[in-house]
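Thanks for asking me to look this one over.

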Amino acid sequence: MRAPVINRFAKLVPLAAVAALTAGLTVIPASTAWACGDGSSPAAPAAPEPQHATDPTTVFIDPKATTLVAGGPKVEFGVQVVNSTGAPYKAISPGIAFWNPDSGKSYEAGEPHPDLAKINVRKSDFTLEVMKDGKWTPLKLRLGCDPSLSADTSLLNAPLADGRGQRYLFRIGLAATSPKEQSGIQLYLSTNRSNGRMTTSSMKITHPAAKPAAPKAAPSTAPAPAAVPAVAPAVVPVTAATPSATPTPTASASATPAQQPAATAELAETGSSTPNTFLFASAAASVVLGATVLTVIRRRNRTQH
């Protein structure tokens, strides 16, 4: 009895993945396929659209997300919707859904994986945001039957003329507490005006290894150093040969007599060799000579008379 149920579910997986892209949007009616998920949210009545020859195109553009790190920074990816259907849209927005492909593989193998609850995507692990009006705006995620997660992008509904395109910037994050069995997800793009045209992109999930706790420093077991007894400073006796009051002059502070011969010779000179002595001696000699000349002249005058 189990095999037919599993096979029937496996056949529903692609259909549920398509429905996840547009669940709760205006063109998809409520379906019993959502009985195992969150269910579709009530949608406002859609304005009637003109006939379109083809479906709009939704593609991934730069930046393109390829790796998602659990507990790491949120990863950005771009989306572009192009209207080349031959008629304008009054309200259109991109549809985004994702799931873990390993969830489907477990059913295709015939028996559910023992860790299926950890492999399946969970709302508590993922966040999805869109850049709108200059800030990041969170988008509500709904759980589908696959199980898959689809984003409610109705707040992005806007007119789009024929031959024009609109770009969007999203970012996705993964909690550090997500199961390590999550190894990757597959993103699906569509629009709320298209049921079958999808674009897919795979993202690898990595779980950083937990950093080992720093080892605690072991208390020191080395014995405390013994107290060192105080030692009195040694006293050097002062003798006559080594006077302590007179410091020994260094070579740079004083010069030896051999280095200053001129100063020593000048201090030893005495007598008339000095300038002052020579001048006094000359003056005295002049006075004596003048007195002698005057005496001789007076004597001659007396003799003549």
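1. A term to start with: a residue is called buried under 20% relative accessible area, exposed over 50%, and partly exposed in between, using a 1.4 Å probe and protein chains only. By that scale phenylalanine 170 counts as buried, at 0% relative accessibility, and phenylalanine 77 counts as buried too, at 1%.

2. Some ground rules. This is a predicted model, in which local features need pLDDT of at least 70 and side-chain atom pairs count only at pLDDT 80 or more, while totals for chains, interfaces and linings use all residues. Residues are numbered from 1 along each chain as its sequence is written, and side-chain values use heavy atoms, with hydrogens and water left out.

3. Strands here are DSSP runs of E with at least two residues, helices are runs of H or I with at least four, and both are numbered from the N terminus. Two strands pair if DSSP finds at least two bridges between them. For a place to look, strand S6 (residues 126–132) and strand S11 (residues 164–174) run antiparallel and are joined by 5 bridges, and threonine 127 stands opposite glycine 173 in S11.

4. The six-stranded sheet. A second open sheet has 6 strands in the order S2-S13-S12-S5-S9-S8, with mixed pairing. S2 and strand S8 (141–143) are at its edges, each with a single partner strand, so one side of each is left without a neighbour in the sheet. Within this sheet, S5 and S12 run antiparallel and are joined by 6 bridges. Alanine 97 stands opposite tyrosine 188 in S12.

5. The core. A nonpolar core is a set of buried Ala, Val, Leu, Ile, Met, Phe, Trp, Tyr and Cys residues joined through side-chain atoms within 4.5 Å. The largest one has 31 residues, and Phe77, Phe126, Leu128, Phe170, Ile172 and Ile185 have the most contacts inside it. Among the elements that give two or more residues to this core are strand S3 (75–83), S6, S11 and strand S12 (184–191). Counting contact as heavy atoms within 4.5 Å, and leaving aside residues up to four places away in sequence, isoleucine 185 touches residues including Phe98, Trp99, Phe126, Ile172 and Met203.

6. Which residues form one aromatic cluster? They are Phe60, Phe77, Tyr168 and Phe170. Rings of Phe, Tyr and Trp (its six-membered ring) pair if their centres lie within 6.5 Å; planes under 30 degrees apart count as stacked, over 60 as edge-to-face and the rest as tilted. The whole structure has 4 aromatic pairs. In one of them, the rings of phenylalanine 77 and phenylalanine 170 have centres 5.7 Å apart and planes at 20°, so the pair is stacked. This pair links phenylalanine 77 in strand S3 with phenylalanine 170 in strand S11, 93 residues apart.

7. A salt bridge is a side-chain nitrogen of Lys or Arg within 4 Å of a carboxyl oxygen of Asp or Glu, and the structure holds 4. Glutamate 129 meets lysine 74 at 3.0 Å, N to O, and arginine 171 at 2.6 Å, N to O. Glutamate 129 counts as buried at 9% relative accessibility, whereas lysine 74 is partly exposed at 38%.

8. Two backbone details worth a look. Most residues other than glycine have a negative phi, and most peptide bonds are trans. Aspartate 133 has a positive phi of about 55° although it is not a glycine; this residue lies in the loop between S6 and S7 and is exposed, with a relative accessible area of 70%. The peptide bond from aspartate 62 to proline 63 is cis, with omega near 0°, and proline 63 lies in the loop between S1 and strand S2 (67–69).
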